[in-house]
Amino acid sequence: MLSRLLDLIAPRFCCMCGRRLDLQEDIICTGCFIVVPLSGYLDDLVENPMAQMFWGRINQFERAFALMRYEPMSSSINTIMQLKYYHRPDVGEALGQLMGKRLMETDFFDDIDALIPVPLAHSRERERGYNQSMMIARGLQLACHKPIWNNVVVRPVATVSQTKKDRVERADNMAGAFRVRHGDWLNGRHVVIVDDVVTTGATVCGVASVLQQAADVRISVVSLAFAGEK
């Protein structure tokens, strides 16, 4: 009864199509979820296309998962837009929890010590009001109950947008973008880097490079979407 009353007072809407959600729906309506281009990576967490992108680029890389494929003409991209540009942190948390529940059906989190969201520069986080990767990590945490270490890696200065850069330009843009703190926490740990969209992998590799200043760190990666290089 209370949920029906709350839904009447503050109706919720699908972040993909804008239709009013039913009580049993969350963030994405049933009709839209049917057409979400899910990655299918649950069946292979080690050799899927996103995981292969990090082979030879991240030392002691373990596994990777993306909830969906980033397809520019797909309405599912609205979820990313809502999260990053339309002040919908709840979208990140809800999709993170959905992703976490799916991963809990596998052994992905069995030996994981912590979740590490890709940090934003303080200026950009103040402008946006939140870090979208942190919201995804919070959703994951609700499902897997692993700690979030959001103060281990910092981003002192905002970098320019990566959107129109190729792999080399993105790597150059990320060079020196991150700093590690409390590195002793990382010794011998297995951590998950959490990002919103992985394209060339430059941002994730930038974070991984500073994490691996500690000894014997193993790294896995989770993102809402995998775009890959076109």
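Residues are numbered from 1 along each chain as its sequence is written, and side-chain values use heavy atoms, without hydrogens and water. Because the model is predicted, local features need pLDDT of at least 70 and side-chain atom pairs count only at pLDDT 80 or more, while totals for chains, interfaces and linings use all residues.

**Cavity**

The structure holds one cavity of 30 Å³ or more. A cavity is a set of points, on a 1 Å grid over the protein atoms alone, where a 1.4 Å probe fits but cannot get out; lining residues have an atom within 4 Å of a point. The volume, the space filled by probe spheres set on the points, is about 40 Å³ for the largest cavity. Its lining consists of I28, F33, V36, L38, L67, M68, T79, L95 and L98. The elements that give two or more residues to this lining are β1 (61-69) and α5 (89-103); strands are DSSP runs of E with at least two residues, and helices are runs of H or I with at least four. By class, the lining has eight nonpolar, one polar and no charged residues.

**Cysteines**

There are zero disulfides in the structure, a disulfide being a pair of cysteine sulfur atoms within 2.5 Å. The sulfur of C32 is 3.5 Å from the closest cysteine sulfur, in C29, and is therefore too far for a bond. Buried means under 20% relative accessible area (1.4 Å probe, protein chains only), and the table gives the values for both residues.

| Residue | Relative accessible area | Class |
|---|---|---|
| C29 | 3% | buried |
| C32 | 10% | buried |

How values were computed: 1 Å grid on protein atoms, 1.4 Å probe; cavity = no way out; pocket = protein on both sides within 12 Å on 5 of 7 lines; lining within 4 Å. Nonpolar A, V, L, I, M, F, W, Y, C, P; charged D, E, K, R; others polar. Buried < 20%, exposed > 50% of the residue type's maximum accessible area, 1.4 Å probe, protein only.
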